[in-house]
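You asked for a quick read of this one before group meeting. Here are my notes, in the order I would look at things on screen.

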Amino acid sequence: MPSPIGHVLAGVAAAWTADLVPGDRDCRVAPATAGWYERAGGGLTVACGALAALPDLDLLFGGHRTMTHSLVAVAVVGLCAGMMAAGARRPIARVALTCALAYATHLALDLLGADPFPPQGIQLFWPFSREWFISGWNLFEGTERRHVFSALSLGQNAKAIVRELAILGPIVTVTWLVRVKALAGLSTELARRDHSTQ
Ligand SMILES: [Zn+2]
């Protein structure tokens, strides 16, 4: 299963990919003069990175890769995000779907990763089915959580992270570049609109 680093990268890529969907995305646009944090999408992008790593918090309270790794959890995250967006007067559907997509990347990465210890995979359809799912593609290496500071674990985890960076790094970079291009036109248009209303 991938490391938190791989999961965070996938969550950020999900946020930036969702920004490519046309519609009510004025709140996702920052002027060219804004700082990098605003231009990267600010709090929602950070939240997406965090949401993508969140499912593994189940390691702290047991039942790993069950409840938090299910499609039901994805729906709950979308619902909560939508409610928070409504309270903050943000586009409800956009925020809800962006957050749900970011969370869902965790499930996707785990499905694509290697899991050397049975039961392998995740309980995707919890609580309706307790069946474990995994693709068997082993696209991402398994990380070692036992004796994390032993030479063997450090080596295995470093190898896993290098592979995650090699696969997800280019995806994040391309998503960023496409997003910059897509939002640049919108930023100019918003500036013009602001100017004409003043
Ligand atoms: Zn996981």
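The points below go from the metal site to the helices and then to the cores.

1. First, a reminder that this is a predicted model.

2. Start at the zinc ion. Its ligands are D56 and D110 through OD atoms, plus H69 and H106 through NE2, with distances of 2.0 to 2.2 Å. Along the chain the donors are spaced D-x12-H-x36-H-x3-D. D56 and H69 both sit in the loop between α3 (42-53) and α4 (71-87), so this pair ties together parts that are 13 residues apart in sequence.

3. What is the geometry of the zinc site? It comes out irregular, with angles of 89 to 171° among the four donor atoms. For comparison, four ideal tetrahedral donors would give 109.5 degrees. Water is not among the atoms, so the site may look incomplete.

4. Are D56 and H69 buried or exposed? D56 is buried, at a relative accessible area of 17%, and H69 is buried too, at 0%. The cut-off for buried is under 20%.

5. Next, helix α3. This helix has twelve residues and spans 18 Å from first C-alpha to last, close to the 16 Å expected at 1.5 Å a residue. Its buried residues are G42, L44, T45, C48, G49, L51 and A52. They pack against α1 (4-18), α2 (36-39), α4 and α5 (92-112).

6. Have a look at α6, which runs over residues 151-197. The helix bends by about 35° at L168, and P170 is a proline that follows within four residues. Buried positions in α6 include S153, N157, A160, E164, L168, V172 and T175. Residues three or four places apart in an α-helix point the same way, because there are 3.6 residues a turn. Among the elements covering the buried part of α6 are α1, α2 and α5.

7. Now the inside. The largest nonpolar core contains 18 residues, and V95, C99, Y103 and L107 have the most contacts inside it. Two or more residues each come from α1, α3, α4 and α5. Which element gives the most to this core? That is α5, with six residues.

8. Y103 deserves a click. Leaving aside neighbours within four places in sequence, Y103 contacts L51, L54, P55, T68, A73, V74 and V77.

9. Finally, there is a second, separate core of five residues, with A13, W16, A40 and V172 among them. V172 is also one of the buried residues of α6.

How values were computed: Residues numbered from 1 in each chain as written. Predicted model: local features only at pLDDT ≥ 70, side-chain atom pairs only at ≥ 80, totals over all residues. Heavy atoms only, no water. Donors = N, O, S within 2.8 Å, 3.2 Å for Na, K, Ca; no water. Tetrahedral: all angles 85-135°; square planar, octahedral: opposite > 155°, others 65-115°. Buried < 20%, exposed > 50% of the residue type's maximum accessible area, 1.4 Å probe, protein only. Expected span 1.5 Å × (residues − 1). Contact = heavy atoms within 4.5 Å. Bend = angle between axes of the 7 residues up to and from the residue. Core = buried A, V, L, I, M, F, W, Y, C linked by side-chain atoms within 4.5 Å.
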